[in-house]
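Subject: Structure for your files

Hello,

Here is the structure I said I would pass on. My notes on it follow below.

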Amino acid sequence: MTNRHGYRGYVTNRSFGGLQMPVPVQALVMRDYCQRNGLTYKLHINENIFPHSYIVLEGLPDELNMYEGILATSMFMMPARAERRRRIYERILEAEGSLHFVLEDLVIRTEADIEPVEEILMVTQLLGESPSPDQAGAAA
């Protein structure tokens with residue numbers, strides 16, 4: 001595994017987690033994260049802008065023969081469907097890599113690291129589907 005070096009960045013032009021962050025800002029955030037954590041940042045790759053397209057993200061585990069892991073700006077960049085996310089996590093772990101969510105400062109290195117990330121994503125998704133206090137009052 002000594003031929004693997006650095007962490008490949010993953011960015012998107014789409015909004016995620018209620019944010020719209022320009023790609024150059026995402027790259028700066030990743031560089032800072034790597035500097036603070038003693039990691040080597042490798043050039044990022046940009047996801048397609050099409051809604052629900054994760055072709056680039058789903059291809060990144062194939063590059064883990066060259067890189068130690070993947071950096072994503074945020075966990076909220078992940079696919080909405082849990083089974084699709086889990087396939088990505090599993091492929092990264094099978095390749096003995098790691099997935100870093102930079103804004104949340106969370107890392108998936110082992111199977112046990114997946115559950116806290118999934119809990120946050122599921123709760124956030126449920127909150128987004130629940131009625132707001134104004135809507136709940138109108139329905140009563």
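In helix α1 (residues 23-37), Val23, Gln26, Ala27, Met30, Tyr33 and Cys34 are buried, meaning under 20% relative accessible area with a 1.4 Å probe and protein chains only, where over 50% is exposed and anything in between is partly exposed. Seen down the axis of α1, these buried residues fall within an arc of 125°, so they line one face of the helix; the arc is taken from the directions from the helix axis to the C-beta atoms. An α-helix has 3.6 residues a turn, so residues three or four places apart point the same way. Pro24, Leu28, Gln35 and Arg36, on the other side of α1, are exposed.

This is a predicted model, in which local features need pLDDT of at least 70 and side-chain atom pairs count only at pLDDT 80 or more, while totals for chains, interfaces and linings use all residues. Residues are numbered from 1 along each chain as its sequence is written, and side-chain values use heavy atoms, with hydrogens and water left out. Helices (H or I, at least four residues) and strands (E, at least two) are DSSP runs numbered from the N terminus.

The length of α1 agrees with expectation: its 15 residues should span 21 Å at 1.5 Å a residue, and its end C-alpha atoms are 21 Å apart. The expected span is 1.5 Å times one less than the number of residues. After α1 comes Gly38, with a positive phi near 65°.

What do the buried residues of α1 pack against? They pack against β1, β2 (41-46), β3, β4 and β5 (106-108), with contact meaning heavy atoms within 4.5 Å.

Strand β3 (residues 69-72) is covered on both faces, with Gly69 and Leu71 buried on one side and Ile70 and Ala72 on the other. β3 runs parallel to strand β1 (residues 7-11), joined by four bridges, and Arg8 has Ile70 as its bridge partner. Four bridges also join β3 to the parallel strand β4 (residues 98-101), where Leu71 is partnered with His100. Two strands pair if DSSP finds at least two bridges between them. β3, helix α3 (residues 82-94) and β4 form a right-handed β-α-β unit: with the strands pointing away from the viewer, the path from the first strand over the helix to the second runs clockwise.

Ser98, in β4, is buried at a relative accessible area of 6%. Among the residues that Ser98 touches are Tyr7, Ile92 and Val107.

Regards
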